[in-house]
Amino acid sequence: MKLLWAIIFSACFSSLTAQNFFDPQITTLLNPALKPFYFGVASGDPQQSQVIIWTKVWSDAEQTIPVKWEIATDTAMQNIVGRGEVKTTSASAYTVKVLVKDLQPGTTYFYRFQTRTVYSPIGRTKTAPVQTRHLRFAVVSCCNYEHGYFNAYRLIANRNDVDAVIHLGDYIYEYGNRPNKKHPNVRDHIPNHEILNLNDYRTRYAQYRLDPDLQEAHRLHPFITVWDDHEFANDSYKEGAKNHQSDEGNWEERKAIAKKAYFEWMPITDNAEESVVRKLNYGNLAELYMLDTRIEERCVQLINVFDTLRSCTTRTILGRKQTDWLIAGIDSSSARWKLIGNQVVFSELDAHSLGKSRAFNTDAWDGYPEERKEILDSFYRHDVKNVIILTGDIHLSWAFDLVQEPKNKKRYNAKTGQGVIGAEFVTPSVSSNGIGEKFPRGFANLVGLVLKRKTTNPHLRFQNLVDHGFVMLDLNEDRVNATWHLLNTVRKRDLKASSKDSWSTKYNANKLVKEK
Ligand SMILES: [Fe+2]
């Protein structure tokens with residue numbers, strides 16, 4: 001890996017200095033009032049005694065920049081409980097990431113950075129609790145900048161009751177400008193071509209991070225993030241991606257570049273493996289397992305749903321190490337709720353009614369059924385319940401009773417909830433086009449109803465295929481509730497949203513019930 005980086009760095013930096021690693025169009029988006037902290041501040045991976053804080057400084061010359069940081073318990077930054085100084089250089093695109101330690105659990109903190117005499121905006125963050133009776137997470141995914149405004153991020157930023165934002169990936173999209181006649185884009189990507197090299201990926205993150213709604217969500221809440229495919233290229237897997245062609249360079253190099261940019265720009269814990277797989281401990285009430293179903297070990301997706309390889313036990317989406325880690329962790333967990341942050345739909349979904357060739361989504365866990373079976377077998381064998389899977393990727397809203405063999409009446413009774421060991425909540429896209437943009441709304445609604453038929457998918461309890469927004473997940477000792485906040489529009493800045501779709505699962509009973 002070190003040799004690979006030497007090659008990439010010499011190619012990227014030999015003739016470049018300062019901020020020249022961005023496409024020059026980025027400067028048109030800068031707010032002069034924020035100089036040199038144009039990209040705001042962010043925090044992430046909250047634990048009981050530590051949290052990551054992040055910023056980026058703008059430098060007009062190639063140099064080493066000292067950056068001071070401080071963290072306090074008050075908004076006036078008077079009761080300082082930690083401070084320090086770090087240095088940043090062009091090697092990290094002048095991003096700054098600090099792991100702040102020795103904090104108190106379940107506590108709100110305020111932090112800021114300083115270069116010379118200039119302060120950054122003050123950020124707010126919160127550590128994870130040891131003992132708590134209540135948690136609330138905003139769950140988001142799929143945020144295509146061209147397709148819409150980030151109204152969902154602004155709604156989340158406006159709330160004061162969020163412990164953390166769980167981001168399930170597609171934080172950026174790799175495409176260039178892709179004009180859409182039917183649904184014209186509301187704004188254009190920078191650069192205007194598909195991102196391939198390190199400068200491209202950095203520019204794309206810079207553009208997204210200059211969106212004021214995303215920037216404010218980062219400033220006010222800690223994020224817990226994983227990547228999906230578009231942080232690399234569409235429908236990616238370990239050894240390639242549908243949207244990576246041989247004339248676009250070496251996949252391993254592109255993957256390494258995309259990972260480097262991700263770790264530079266996201267407030268995520270750095271680690272030698274550059275892995276996003278990790279567990280976050282929310283005390284007695286919840287544990288959160290963040291998965292990588294994309295890059296770490298996933299086998300190539302099957303093109304043909306009838307391919308007999310589908311049931312091959314060697315086909316993997318997590319890989320042996322991650323599967324063992326997940327099973328061992330959840331089987332032995334003493335947390336009341338076991339949350340899994342996951343990219344692609346876990347539950348079985350029979351889509352035969354949409355045409356034989358679309359019977360299953362081979363990009364989701366349905367393309368890797370043997371590994372799913374191994375995980376569920378273990379949960380049932382160890383009498384594990386209260387598992388909540390959080391899913392993004394597919395740009396629609398679904399709620400499933402978490403069951404094995406949903407059409408086997410001996411194993412699952414939709415009325416009584418027999419056989420249910422948890423729930424899967426699928427969050428809609430923040431802005432990315434979905435079925436609602438592809439087809440007239442009435443037709444999309446019809447597709448949703450066909451999929452939800454009891455004879456087809458009895459465990460699918462709620463569906464909305466057309467709206468954008470996010471899920472607010474609310475946990476206490478007795479139940480987990482998911483409320484879908486579905487936006488009026490993403491085609492303009494508009495904060496109107498419906499929150500009438502709200503489903504709960506009770507502790508140990510688990511069957512999903514609609515809230516009135
Ligand atoms: Fe997506």
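1. Q301 counts as buried because its relative accessibility is 13%, below the 20% cut-off. This is a predicted model, and the remarks in this note should be read accordingly. Q301 is located in the loop that runs between strand 15 (286–290) and helix 6 (320–331).

2. The surroundings of Q301 draw on several parts of the sequence. Once neighbours within four places in sequence are set aside, Q301 is in contact with D235, S236, Y237, R294, R315, T362, D363 and Y368. With Y237, the C-alpha separation is 7.7 Å, although Q301 and Y237 are 64 residues apart along the chain. With D235, a polar atom of the Q301 side chain lies 3.4 Å from the backbone oxygen of D235.

3. D235 deserves a separate remark on its backbone. Its phi is near 50°, which is a positive value in a residue other than glycine. D235 belongs to the loop between strand 11 (222–225) and strand 12 (236–237). Is D235 buried or exposed? D235 counts as buried, because its relative accessibility is 16% and the limit for that class is under 20%.

4. N386 is classed as buried because its relative accessible area is 2%.

5. Two cis peptide bonds may be checked in the model. One leads from K35 to P36, with omega near 0°, and P36 is in the loop between helix 1 (2–13) and strand 1. Another leads from I190 to P191, with omega near -10°; P191 lies in the loop between strand 10 (164–167) and helix 3 (198–209).

6. Turning to the overall division of the chain, the domain assignment gives domain 1 as 31–125 and domain 2 as 128–514. The centres of domain 1 and domain 2, taken over C-alpha atoms, are 29 Å apart. In the contact between them, 29 residues of domain 1 meet 32 residues of domain 2.

7. How much area do domain 1 and domain 2 bury between them? The value is about 2400 Å², with 51% of it on carbon and sulfur atoms. As background, interface size is often expressed as the accessible area lost when the parts come together.

8. Polar and charged pairs also connect the two domains. Between domain 1 and domain 2 there are 20 residue pairs in polar contact, counted with both residues at pLDDT 80 or more. The count of salt bridges between domain 1 and domain 2 is two. A salt bridge is also formed by the side chains of K97 and D270, at 2.8 Å from N to O.

9. On the side of domain 1 that touches domain 2, the elements giving two or more residues are strand 1 (41–44), strand 2 (51–56), strand 5 (95–100) and strand 8 (123–126). Strand 1 provides the largest share of that side, with four residues. By residue class, the side of domain 1 that touches domain 2 divides into 14 nonpolar, 11 polar and four charged residues.

How values were computed:
Residues are numbered from 1 along each chain as its sequence is written. This is a predicted model: local features need pLDDT of at least 70, side-chain atom pairs count only at pLDDT 80 or more; totals for chains, interfaces and linings use all residues. Side-chain values use heavy atoms; hydrogens and water are left out. Buried means under 20% relative accessible area, exposed over 50%, partly exposed in between (1.4 Å probe, protein chains only). Contact means heavy atoms within 4.5 Å. A polar contact is a pair of N or O atoms within 3.5 Å; within protein, one must be able to donate a hydrogen and the other to accept it, and residues adjacent in sequence count only if both atoms are side-chain atoms. Domain bounds come from an automatic or database domain assignment. Buried area is the accessible area (1.4 Å probe) that two parts lose on being put together, summed over both. A salt bridge is a side-chain nitrogen of Lys or Arg within 4 Å of a carboxyl oxygen of Asp or Glu. Ala, Val, Leu, Ile, Met, Phe, Trp, Tyr, Cys and Pro count as nonpolar, Asp, Glu, Lys and Arg as charged, and the others, Gly among them, as polar.
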